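Student: Could we go through this protein together? I'd like to know where the labels come from.

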Amino acid sequence: MTKTASSVWVECLSFIEDNIKPQAYKTWFEPIKPVKLSGEALTIQVPSKFFYEWLEEHYIKLLRVALVKQLGEDAKLIYDVRMENNYSSNNPHTVKIPSSNRNPINPQGISFPMDVNKRELKNPFIIPGIQKVKIESQLNPNYNFENFIEGDSNRLARSASMAVSNKPGGTSFNPLLIYGGVGLGKTHLAHAIGVEIKDKYPDKIVLYISSEKFTQQYIDSVKGNSRNDFIHFYQMIDVLIIDDVQFLSGKTGTQDVFFHIFNHLHQNGKQVILTSDKAPVDMQDIEQRLLSRFKWGLSAELQAPDYETRVSILQNQLYRDGVEMPFEIVEYIAKNIKSNVRELEGVLISLIAQASFNRKEFTLALTKQIVDKFVKNTKREVSIEYIQKIVSNYFELDVATLQSKTRKRHIVQARQLAMYFAKRMTKASLASIGSQIGKRDHATVLHACKTVDNLTETDKQFRKYVDDITKKLTF
Ligand code: ADP
Ligand code: MG
């Protein structure tokens with residue numbers, strides 16, 4: 001029987017399959033197509049340059065053994081790298097197996113007709129080693145389950161996170177979306193999952209990344225013509241953790257690529273963990289198809305911790321720092337800082353710092369000073385109700401008139417200003433602002449915000465309204 005590219009490759013594959021893990025086989029060998037056999041040279045087509053590099057770094061020895069078995073000592077392997085959409089068959093990377101040792105720098109004695117040194121590893125998480133390529137998980141070991149204090153406010157999110165860590169990809173919590181306000185522990189929990197999985201399953205490829213960094217990498221890949229490499233890189237991850245997905249809002253290109261990566265991972269039983277400052281229903285400018293994916297798994301909310309949990313968090317922190325502090329001080333902090341664990345820790349750190357710099361004792365007076373500073377610095381979130389009161393007052397209307405259906409110009413303007421300030425000064429969604437200001441829909445609120453923006457730029461009188469009301473709302 002005469003050998004063909006396919007027949008040779010089929011034999012190679014069966015040898016390779018027996019020698020590596022099924023997942024690796026699926027990822028790195030199934031996408032390869034044998035395209036040509038001429039003499040002892042087999043040409044295979046690989047989907048990207050990144051793919052080619054990965055094969056070179058990891059599987060060159062295995063490939064060589066397989067090929068020599070089929071084609072003898074003079075076997076040659078030629079890569080045909082498909083760059084993006086064009087088929088660059090004029091420019092294949094060629095690898096001769098085994099080589100004639102012409103290239104002493106290369107320890108495996110493989111010669112490359114092309115200048116391989118020019119190739120660049122595009123993904124920042126791939127660290128080229130002598131033999132191994134490793135993906136840095138970007139996890140912070142200080143964020144673990146052990147020091148994540150449990151309370152009513154986080155019980156669901158915490159136990160779902162533990163379940164996912166025990167069986168990544170194997171629960172119905174896929175994706176797991178953890179959402180909640182600032183400083184409530186979303187990033188902490190997200191890392192804790194990754195850290196735990198790495199501990200239990202050291203072979204799993206885990207990656208933590210913020211959605212901003214993900215977006216930046218994507219933009220860079222588009223600029224550098226390596227969008228496919230970007231996608232391939234993300235598709236081989238076992239546990240992908242993306243922090244603060246609300247920042248994907250409005251970024252359609254990134255959302256699109258994430259959608260494809262998500263589908264691939266999900267279909268292959270890989271785990272996806274997301275965090276966000278909002279529930280999926282309140283996310284804006286995120287494509288519907290992506291939102292619907294977010295809802296496939298579990299959305300678990302982190303709420304502000306109750307008093308007991310705040311005390312435990314403080315005590316745990318003190319215990320870890322080896323600091324002793326009178327209970328009345330711990331109590332005072334826990335009573336006065338309520339809605340943000342980061343601030344709770346912030347007060348503790350300043351207090352410890354101040355006391356030790358000035359060789360002071362921990363006193364209630366010092367604590368009060370620090371807590372006051374923290375409370376003042378935190379922007380007070382005003383309510384939509386309060387905004388409507390202030391705006392109505394300013395225009396000498398009552399709130400009912402502001403909310404009414406009337407189209408009188410000065411009332412419409414007042415209503416639009418109320419919507420604008422509600423958008424600017426609260427975290428409420430457009431829909432929720434609309435429903436609270438005279439039962440309007442989100443499009444009306446959006447239109448109001450744009451109108452106010454425009455008028456502020458073109459109309460002096462209007463600008464004065466905005467300035468005056470801003471002052472009233474912020475004192
Ligand atoms: P987010 O990402 O939600 O803004 P972080 O995860 O950054 O919040 O948490 C802010 C700080 O509060 C971190 O230092 C984190 O360790 C701490 N923290 C939050 N929740 C808890 C908790 N339940 N137990 C212990 N520390 C917590
Ligand atoms: Mg965070």
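This is a predicted model: local features need pLDDT of at least 70, side-chain atom pairs count only at pLDDT 80 or more; totals for chains, interfaces and linings use all residues.

Student: Why is Glu 385 called exposed?

Tutor: Glu 385 is found in helix α15 (residues 384-394). Buried means under 20% relative accessible area, exposed over 50%, and partly exposed in between (1.4 Å probe, protein chains only). Glu 385 has a relative accessible area of 56%, so it counts as exposed.

Student: And what makes Asp 199 exposed?

Tutor: Asp 199, in helix α6 (residues 186-200), has a relative accessibility of 61%. The cut-off is over 50%, so Asp 199 is exposed too.

Student: How much of the protein is buried?

Tutor: Buried residues make up 49% of its 475 residues. Strand β11 (residues 271-276) is mostly covered, with six of its six residues buried.

Student: Which way do the residues of β11 point?

Tutor: Gln 271, Ile 273 and Thr 275 point one way, while Val 272, Leu 274 and Ser 276 point the other way. In a regular strand the side chains alternate between the two faces of the sheet. For contrast, look at strand β12 (residues 298-302): Leu 298, Ala 300 and Leu 302 form a covered face, and Ser 299 and Glu 301 an uncovered one.

Student: How do you know that β8 and β11 pair?

Tutor: Two strands pair if DSSP finds at least two bridges between them. Strand β8 (residues 176-180) and β11 have four bridges, so they pair, in the parallel sense. Leu 177 has Leu 274 in β11 as its bridge partner. β8 also pairs with β12 in the parallel sense, over five bridges, and there Leu 177 stands opposite Ser 299.

Student: What joins strand β10 to β11?

Tutor: Four bridges join β10 (residues 239-243) to β11, and the two run parallel. The chain crosses from β10 through helix α9 (residues 252-267) to β11, and this β-α-β crossover is right-handed. That name applies if, with the strands pointing away from the viewer, the path from the first strand over the helix to the second runs clockwise.

Student: Which residues touch the most other members of the largest nonpolar core?

Tutor: A nonpolar core is a set of buried Ala, Val, Leu, Ile, Met, Phe, Trp, Tyr and Cys residues joined through side-chain atoms within 4.5 Å. In the largest, of 60 residues, they are Ile 16, Phe 29, Tyr 79, Tyr 234, Leu 240 and Phe 258. Helix α1 (residues 5-19) gives the most to this core, with seven residues.

Student: Why does this core lie between domain 1 and domain 2?

Tutor: Domain 1 (5-103) and domain 2 (134-302) both give residues to the core, so it lies between them. The domain bounds come from an automatic or database domain assignment.

Terms used
Residues are numbered from 1 along each chain as its sequence is written. Chains are lettered from A and ligands numbered from 1 in the order in which they are written. Side-chain values use heavy atoms; hydrogens and water are left out.
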